[in-house]
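Me: I am new to this structure and would like to learn how to read its features one at a time. Could you show me the model and take me through it?

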Amino acid sequence: MQIGERLFSLRQKSGQSLQAVADAAGISKAHIWELEKGHSKNPSFDLVRNLATHFGVSIDALVGEEEEPGAEALQIERLHRGFENLSEGDRSVVEQMVKALKERSAKSG
């Protein structure tokens, strides 16, 4: 699988628009589209690294050398992304919410 196909697949699984990925990677929407369609085949290393970081996958996964994560794994990674930027109090709130959801899930079976 080529990088363009992987990029398209990851974008679809994560439910993101071309513009959202372009904004996150710091490039134009047209450039993302060209990559996905295979019209731009040699992205810079920095761009590949930025895209891999954005999707929360390794560079190997993005270029097809490693198995692509599923939609659930991408969602979990997306939830974790940015936690380091939260305040200690906000992280505590998120932690309490996760704990409460786990307890509710355990009670419902």
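Reply: Helices here are DSSP runs of H or I with at least four residues, numbered from the N terminus, and Q16 lies in the loop between α1 (3-13) and α2 (18-25). This is a predicted model, in which local features need pLDDT of at least 70 and side-chain atom pairs count only at pLDDT 80 or more, while totals for chains, interfaces and linings use all residues. Residues are numbered from 1 along each chain as its sequence is written, and side-chain values use heavy atoms, leaving out hydrogens and water.

Me: Is Q16 buried or exposed?

Reply: Buried means under 20% relative accessible area, exposed over 50%, and partly exposed in between, using a 1.4 Å probe and protein chains only; Q16, at 15%, is therefore buried.

Me: Which residues is Q16 in contact with, leaving aside its neighbours within four places in sequence?

Reply: Contact means heavy atoms within 4.5 Å, and on that reading Q16 is in contact with R11, V21, H54 and F55.

Me: How do the axes of α1 and α4 cross?

Reply: Axes are lines fitted to C-alpha atoms, for helices over the stretch in contact, with angles from 0 to 180 degrees between N-to-C directions. Those of α1 and α4 come within 11 Å and cross at roughly 25 degrees. Angles under 35 degrees count as roughly parallel, over 145 as roughly antiparallel, 65 to 115 as roughly perpendicular and the rest as oblique, so α1 and α4 are roughly parallel to each other. Where they meet, I3, L7, L10 and R11 in α1 touch V48, L51 and F55 in α4.

Technical notes
Helices (H or I, at least four residues) and strands (E, at least two) are DSSP runs, numbered from the N terminus.
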